[in-house]
Amino acid sequence: MIPLSRGPVPATADAVVIGGGINGLAVAYELAGRGLKNIVVLESRYIGSGSTGRCGGGIRAQWTTKENIRLAQESVAMYENMSAELGYQVFFRQGGYLMITENEKDLPALRDAVALQNSCGVPTEFLPPSDCRKIVPDLDVSRLVGATFCPKDGTAYPFAVVWGYARACHRRGVRIFIRTTVKEMLAQDGRMRGVVTDRGVIHAPVVVNSAGPWARHLAAQVGVSLPNRQERHEIMVSESLKPFLDPMVISITNGIYFSQSLRGEIVGGIGDPHEPHWTDPAEFDTRSQLVFAVRFARALTALYPRAAQVRMMRQWAGMYDVTPDHRPILGGVPGLEGYHHICGFSGHGFMLGPVTGRRMAEHILTGRPDEIITSLSLDRFERGDLQADAFVVG
């Protein structure tokens, strides 16, 4: 059971963290571990109810930008030790990621990505299509032209991760309030003053906005303009099968990804360029769509024909918090002391959350610059310093 705080919210706190997903809980855990007292986490529904609990649980270091590679590399290392660190089984297993393409024009980018990842210490290798069947024997490779594989990539169970962080936060004195909605962020004279919730006001000098799809709306209340938009993405799950698939398979051609869970289910999704984009929370729509089920089933059976014999059991939708360059937005903003945001992961917050929380906690408490946080700051959009990662898939 997760120990949760009951009763009214406190009148004061040293820091308020908005969002009970992996980013909010990770930064709260790290802040407490560095000695900050009186930390409050606010979640409008239940732990992991936003993007974290709706993701596919993938963790990979295969990216095309140095920032994402380094963040993911550090996150993989943290996931390797996370069950022991949190004292809770998070079911992390390293079956690797097999990234495939059907387009000849992608091959130079794949080889460049392998070279960049290798230079960062990531053991990715380029594979011809025939070698893909050594990793996934029943994969239809007739249309493939190449692939990359990293054996250290893997998956974890998203709810176990946030439950583990929540319990570890509690041991460090963090108070977590669920079913508590932030109605207003308070700022005055260039400083954060706290938040107004539906259970009372909390006065605090530090507020961390890690509200995922709702981060943009909250930031606007204190004059911070985030360029994020929201997209619906869906996942489908099959009946349970005997173990047959070790890696996550992911296509940079059509965006399909699938893996097998420890319960034996095929878990996967596929992006749809025709999904609408939203910025107003009132418009968010996470209803399941038949068009997704058909699109995913067709793409899955085209790559893995034996899946045609499998019954698909259920599907769900979540929101991607997407930035113009598909990289997260981290740090604070000039002229508003005590405000910090961790958002815009564009569908990859679960894999990057642990290390982001660690780096952000250090930055918040010491004020020391962090080169990755600096490179992912909000003002990069004003400077035009945008570098999109080519391996954003989903």
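1. The structure holds two cavities of 30 Å³ or more.

2. The model is predicted, and local features need pLDDT of at least 70, side-chain atom pairs count only at pLDDT 80 or more, and totals for chains, interfaces and linings use all residues. Residues are numbered from 1 along each chain as its sequence is written, and side-chain values use heavy atoms, with hydrogens and water left out.

3. The largest cavity is lined by Arg232, His233, Glu234, Ile270, Gly271, Asp272, Glu275, Val291 and Phe292, where lining residues have an atom within 4 Å of a point. Two or more residues of this lining come from each of β13 (229-240) and α8 (290-303); β13 gives the most, with three residues. Helices (H or I, at least four residues) and strands (E, at least two) are DSSP runs, numbered from the N terminus. By class, the lining has three nonpolar, two polar and four charged residues. Ala, Val, Leu, Ile, Met, Phe, Trp, Tyr, Cys and Pro count as nonpolar, Asp, Glu, Lys and Arg as charged, and the others, Gly among them, as polar.

4. Glu275, one of the lining residues of the largest cavity, lies in the loop between β16 (265-269) and β17 (277-278). Glu275 counts as buried because its relative accessibility is 12%, the limit for buried being under 20% relative accessible area (1.4 Å probe, protein chains only). Its side chain makes a polar contact with the side chain of Arg232 (3.0 Å). A polar contact is a pair of N or O atoms within 3.5 Å; within protein, one must be able to donate a hydrogen and the other to accept it, and residues adjacent in sequence count only if both atoms are side-chain atoms.

5. In the second largest cavity there is about 40 Å³ of space. Arg93, Gly95, Gly96, Gly154, Thr155, Asp246, Pro247, Met248 and Ser259 form its lining, which comprises two nonpolar, five polar and two charged residues.

6. The second largest pocket holds about 560 Å³ of space. A pocket is an open set of points with protein on both sides within 12 Å along at least five of seven lines. Of its 26 lining residues, Tyr157, Pro158, Ser261, Arg263 and Glu265 lie nearest its centre. The elements giving two or more residues to this lining are α6, β15 (257-260), β16 and β18 (312-322).

7. Val161 lies in helix α6 (residues 158-171) and is buried, with a relative accessible area of 0%. Leaving aside neighbours within four places in sequence, Val161 is in contact (heavy atoms within 4.5 Å) with Ile22, Tyr79, Met82, Leu86, Val90, Ala156 and Phe350.

8. In strand β6 (residues 146-150), five of five residues are buried. Gly146, Thr148 and Cys150 are on one side, with Ala147 and Phe149 on the other. Strands pair if DSSP finds at least two bridges between them. Five bridges join β4 (residues 97-101) to β6, and three join β5 (residues 125-127) to β6; β4 runs antiparallel to β6, as does β5. Phe149 is the bridge partner of Leu98 and also stands opposite Glu125.

Notes
On a 1 Å grid over the protein atoms alone, a cavity is a set of points where a 1.4 Å probe fits but cannot get out, and a pocket is an open set with protein on both sides within 12 Å along at least five of seven lines; lining residues have an atom within 4 Å of a point. Grid points are joined across faces, edges and corners, and a volume is the space filled by probe spheres set on the points. Buried means under 20% relative accessible area, exposed over 50%, partly exposed in between (1.4 Å probe, protein chains only).
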